[in-house]
Amino acid sequence: MLVPSRRRLRIEVLIVLGLSLGQSAVYSVVQLLDKITSAPLAQGTSTLNNSQSTREYFDLTYQLLEIFFALVPVVLVFYFLTEQHRTNTGNGYGSVSAFTKIGFNFARPGMDMLQGLGLAALIGVPSLGLYAVGRALGITTAIIPSALDPYWWTVPVLVLSAVRHAIVEEVIVVGYLLDRFGKFGWSVPLAILASSTLRGSYHLYQGFGPFIGNAVMGVVFALIYTKSRRVMPLVIAHALLNIVAFVGFSLFGRAVGLG
């Protein structure tokens with residue numbers, strides 16, 4: 001097998017994070033500082049799905065382009081995770097699928113779906129409580145899951161956005177980083193701590209409550225992954241949580257006084 005050096009892997013990780021969630025974490029810290037230095041955090045708002053044009057089909061185009069390009073770093077990760085090795089004859093090279101390596105496939109759809117549903121329930125209910133506590137303590141902004149106009153394509157785009165976030169986060173923060181941290185020689189607890197801290201950090205623009213909640217979620221997801229070596233249940237759980245938040249708010253938020 002062709003094994004890259006630790007130095008090369010560190011540079012690789014920095015590139016991936018610089019193009020994806022590491023960049024988001026930096027912006028999130030700056031946005032948090034902006035909010036807390038301009039007004040009490042409780043008075044701030046965080047909108048997750050913004051309209052990008054007042055013209056319907058340009059807005060749709062921008063939304064789809066954003067989803068598409070956000071997934072490009074995931075493709076890069078799968079490229080990096082594909083392992084090259086010499087064939088038995090020694091005359092060529094074969095590869096080990098990155099999809100199989102981190103369990104991002106449909107090898108066991110029923111079990112993955114059940115685990116995903118269970119995880120969504122396990123994480124979802126406490127998250128609502130933590131959000132309420134954070135708002136009461138003044139350490140969490142008001143979160144608006146969707147500010148898209150009510151077009152015919154709004155719900156499908158919100159579903160795609162939910163799935164996009166789930167794939168990007170679970171593939172990169174769990175499947176990819178835990179693999180690379182292991183190759184750095186890090187212990188499993190240290191790798192999980194780094195992964196979960198990153199997950200919390202790119203949610204800091206929402207306040208300290210979401211940072212804590214997402215970091216805890218990261219620990220739970222990473223622990224499950226170290227046992228199963230499959231990110232698919234994590235992607236399913238994360239996507240379900242996002243869909244409920246994004247679509248539920250879009251359809252019913254204003255009706256219950258949240259819009």
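**Figure 1. Threonine 141 in the loop between helix H6 and strand E4.** In this predicted model, threonine 141 sits in the loop that runs between helix H6 (109-137) and strand E4 (142-144). Is this residue buried or exposed? Threonine 141 counts as buried because its relative accessibility is 0%, and the cut-off for buried is under 20%. Setting aside neighbours within four places in sequence, you will find threonine 141 in contact with Lys35, Leu41, Gly44, Thr45 and Ser46, and also with Tyr131, Arg135, Tyr205 and Gln206.

**Figure 2. Helix H1 against helix H7.** Two packed helices are described by the angle between their axes and the distance between the axes. Here the axes of helix H1 (residues 6-19) and helix H7 (residues 154-184) come within 10 Å of each other, with a crossing angle of roughly 160°. H1 and H7 are therefore roughly antiparallel, since angles over 145 degrees count that way. The crossing of H1 past H7 is left-handed. On the H1 side, look for Arg6, Leu9, Arg10, Glu12, Val13, Val16 and Leu17; their counterparts in H7 are Ile172, Tyr176, Leu177, Arg180, Lys183 and Phe184. Sorted by type, the residues of this contact comprise eight nonpolar and five charged, with no polar ones.

**Figure 3. The salt bridge of lysine 101 and aspartate 179.** How many salt bridges does a search of the whole structure find? The search returns eight, and this view shows one that joins the side chains of lysine 101 and aspartate 179, at 3.3 Å from N to O. The two partners come from distant parts of the chain: lysine 101 belongs to helix H5 (residues 98-102) and aspartate 179 to helix H7, 78 residues apart. Aspartate 179 counts as buried because its relative accessibility is 11%.

**Figure 4. Arginine 199 paired with glutamate 170.** The side chains of arginine 199 and glutamate 170 form a salt bridge, 2.8 Å from N to O. Arginine 199 is part of helix H8 (residues 188-201) and glutamate 170 is part of helix H7, so this pair ties together parts that lie 29 residues apart in sequence. Why do these two residues count as buried? Arginine 199 does so because its relative accessibility is 0%, and glutamate 170 because its value is also 0%.

**Figure 5. Lysine 183 and a salt-bridge network.** Lysine 183 makes a salt bridge with aspartate 179, and their closest N and O atoms are 3.4 Å apart. Both residues belong to helix H7, where lysine 183 and aspartate 179 are four residues apart, about one turn of the helix. With a relative accessibility of 32%, lysine 183 counts as partly exposed.

**Figure 6. Tyrosine 27 in helix H2.** Our last stop is tyrosine 27, placed in helix H2 (residues 21-36). Tyrosine 27 counts as exposed because its relative accessibility is 52%, and the cut-off for exposed is over 50%. For a sense of scale, tyrosine 27 and serine 228 are separated by 201 residues in sequence and by 33 Å in space, C-alpha to C-alpha.

Terms used:
Residues are numbered from 1 along each chain as its sequence is written. This is a predicted model: local features need pLDDT of at least 70, side-chain atom pairs count only at pLDDT 80 or more; totals for chains, interfaces and linings use all residues. Side-chain values use heavy atoms; hydrogens and water are left out. Helices (H or I, at least four residues) and strands (E, at least two) are DSSP runs, numbered from the N terminus. Buried means under 20% relative accessible area, exposed over 50%, partly exposed in between (1.4 Å probe, protein chains only). Contact means heavy atoms within 4.5 Å. Axes are lines fitted to C-alpha atoms, for helices over the stretch in contact, and angles run from 0 to 180 degrees between N-to-C directions. Angles under 35 degrees count as roughly parallel, over 145 as roughly antiparallel, 65 to 115 as roughly perpendicular and the rest as oblique. A crossing is left-handed if the near helix is turned anticlockwise from the far one by less than a right angle, and right-handed if clockwise. Ala, Val, Leu, Ile, Met, Phe, Trp, Tyr, Cys and Pro count as nonpolar, Asp, Glu, Lys and Arg as charged, and the others, Gly among them, as polar. A salt bridge is a side-chain nitrogen of Lys or Arg within 4 Å of a carboxyl oxygen of Asp or Glu.
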